[in-house]
Amino acid sequence: MKAETAIKNLEKVADSEMRVNKRQYRGTKAWRLIMAALENNLRVIRPCEVQGTGRYIKNADYTAQVRYLLVRAKIKFSFENDAPRGGV
C-alpha cells in the first residue's frame, strides 16, 4: 500500500470516530507514530517509551492504540517483538 493511500485510510478512521473529535484524535501519540513512519518510509514502529526523569519514570506502551488504528485503516502489518531479551 502506498503512503498516500494509507494516510487517506487513516483520515477516514479519524472521521468515523464519534467519541473524539478529529483534532484530538490526530494529536494522539499512536497517530503521530504511524504518520511519522509513513512520511519517513520507516518499516518499524516502536510504540513503547520511557517517560519522566529520576525516580518518577514510567513505561508508556501505545501498542494497543497503534494496532487498533492500523487494523481500522486496513493497513497490513506484522506484530513482532525484536527485543533481545523479550522486553516490551
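1. In which loop is Asn-41 found? Asn-41 is found in the loop between H3 and strand E1 (48-53); helices (H or I, at least four residues) and strands (E, at least two) are DSSP runs, numbered from the N terminus.

2. On provenance, this is a predicted model, in which local features need pLDDT of at least 70 and side-chain atom pairs count only at pLDDT 80 or more, while totals for chains, interfaces and linings use all residues. Residues are numbered from 1 along each chain as its sequence is written, and side-chain values use heavy atoms, with hydrogens and water left out.

3. Backbone at Asn-41. Just after H3, Asn-41 takes a positive phi of about 55 degrees, although Asn-41 is not a glycine. Most residues other than glycine have a negative phi. Asn-41 is exposed, at a relative accessible area of 64%; exposed means over 50%, buried under 20%, and partly exposed in between (1.4 Å probe, protein chains only).

4. Backbone at Lys-74. Lys-74 is also not a glycine and has a positive phi, near 60 degrees. Lys-74 lies in the segment after H4 and counts as exposed, with 67% relative accessibility.

5. Helix H3. The buried residues of H3 are Ala-30, Trp-31, Leu-33, Ile-34, Met-35, Ala-37 and Leu-38.

6. The largest pocket. About 1,100 Å³ of space lies in the largest pocket. Of the 32 residues lining the largest pocket, Arg-43, Val-44, Ile-45, Phe-77 and Ser-78 are the closest to its centre. Helix H1 (3-16), helix H3 (29-39) and helix H4 (63-72) are the elements that give two or more residues to this lining, and H4 gives the most, with four residues. On a 1 Å grid over the protein atoms alone, a pocket is an open set of points where a 1.4 Å probe fits, with protein on both sides within 12 Å along at least five of seven lines; lining residues have an atom within 4 Å of a point. The volume is the space filled by probe spheres set on the points.

7. Lining by class. The lining of the largest pocket has 18 nonpolar, five polar and nine charged residues. Ala, Val, Leu, Ile, Met, Phe, Trp, Tyr, Cys and Pro count as nonpolar, Asp, Glu, Lys and Arg as charged, and the others, Gly among them, as polar.

8. Nonpolar surface. Val-71, Phe-77 and Phe-79 make a nonpolar surface patch of about 300 Å². Patch residues have over 30% relative accessible area and no salt bridge, and nonpolar side chains (Val, Leu, Ile, Met, Phe, Trp, Tyr) are joined within 5 Å; a salt bridge is a side-chain nitrogen of Lys or Arg within 4 Å of a carboxyl oxygen of Asp or Glu. Phe-77 is in the segment after H4 and counts as partly exposed, at 35% relative accessibility.

Definitions and conventions:
Patches are made of residues with over 30% relative accessible area and no salt bridge: like charges are joined within 9 Å, nonpolar side chains (Val, Leu, Ile, Met, Phe, Trp, Tyr) within 5 Å. Accessible areas come from the Shrake-Rupley method with a 1.4 Å probe; for residues, only the protein chains shown count as cover.
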